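The terms are given with their cut-offs where they are used.

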Amino acid sequence: MSSDRWIRRFHPGADAPVRLVCFPHAGGAASYWHPLSAALSPGVEVLAVQYPGRQDRFFETPLTSLTELAVEALTALGEQDDRPLALLGHSMGATVAYEAARHLEAVGRDCVRLFVSGRRAPHLRRDEAAHLLDDDGLVAHLTSLEGTDTGLLADPEIRALALPAVRADYTALSGYLPSPAEPLRCPVTALVGDADPVTEVAAAGAWERYTAAGFDLEVFPGGHFYLNGRQAEIAAVIAGRLGALV
């Protein structure tokens, strides 16, 4: 089934009052969200998105459109129930989550809150040319962000499996142009590390213009992957913003 390929439920929560759909970073996989899923369970059911081209979807062709990733994931999710739905994305995943929120609103199904992590607002474009680097250069770039196990990428077989998806993700980022749109009807929370080398705090704060329903910014110690090891703190922020739903 399409939902089985796209959606991972690490801690199923049939009684959870709200669901949180989580979109990974460039080169990332659904398993990145396992610790956060554990921290939020049982009050929030995490649905982690598995993009094609990684982990158990290694042999599928990766997509090179952020909008297509968002729509395909939501299509796989389907209209499973009427529980409130929130969205979270980190880095590239934040932009995918934003596009998912726009798509939901366009089809008349609002999300209750959008969480964007480690990503500048869409109008703040910068060079996204990592996909043009050779393999060593791409691995060096990933290493500089401190979110990838460099030991794994030293293995030639793992490199051969992982790098095509990474290149596809950066290709999608380089080609992304947000179309003009009204501000979202849901509130937005931006999260960022205070030493993030690719997303300055002010650039994360610029997400404020993308909502008509309230905005707040949470700054944490750390770099681009400030989330690592902070699942309890991040879960507390999410649960706090979802308020009475949890």
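## Basis

A residue is called buried under 20% relative accessible area, exposed over 50% and partly exposed in between, with a 1.4 Å probe and protein chains only. The model is predicted: local features need pLDDT of at least 70, side-chain atom pairs count only at pLDDT 80 or more, and totals for chains, interfaces and linings use all residues. Residues are numbered from 1 along each chain as its sequence is written, and side-chain values use heavy atoms, with hydrogens and water left out.

Helices (H or I, at least four residues) and strands (E, at least two) are DSSP runs, numbered from the N terminus.

## Aromatic pairs

A pair of aromatic rings is described by the distance of the centres and the angle of the planes. Rings of Phe, Tyr and Trp (its six-membered ring) pair if their centres lie within 6.5 Å; planes under 30 degrees apart count as stacked, over 60 as edge-to-face and the rest as tilted.

The structure has six aromatic pairs. One of them joins Tyr32 and Phe225 edge-to-face, at 6.1 Å centre to centre and 75 degrees between the planes. These two are 193 residues apart: Tyr32 is in the loop between strand 2 (18–23) and helix 2 (34–40), and Phe225 is in the loop between strand 7 (215–220) and helix 9 (231–242). Both Tyr32 and Phe225 are buried. Another edge-to-face pair is Tyr98 with Tyr210, at 5.5 Å centre to centre and 85 degrees. Here Tyr98 belongs to helix 4 and Tyr210 to the loop between helix 8 (201–205) and strand 7, 112 residues apart. Tyr98 and Tyr210 are buried as well. Ring pairs also link Tyr32, Trp33 and Phe225 into a cluster.

## Charge over a ring

A charge sits over a ring if NZ of Lys or CZ of Arg is within 6 Å of the ring centre and within 35 degrees of the ring normal. Arg57 lies over the face of Trp6, 4.5 Å from the ring centre.

## Arg113 and Asp216

Arg113 is in the loop between helix 4 (92–106) and strand 5 (114–117), and counts as buried because its relative accessibility is 13%. Asp216, in strand 7, counts as buried because its value is 18%.

A polar contact is a pair of N or O atoms within 3.5 Å; within protein, one must be able to donate a hydrogen and the other to accept it, and residues adjacent in sequence count only if both atoms are side-chain atoms. The Arg113 side chain makes such contacts with the side chains of Thr189 (2.8 Å) and Asp216 (3.4 Å).
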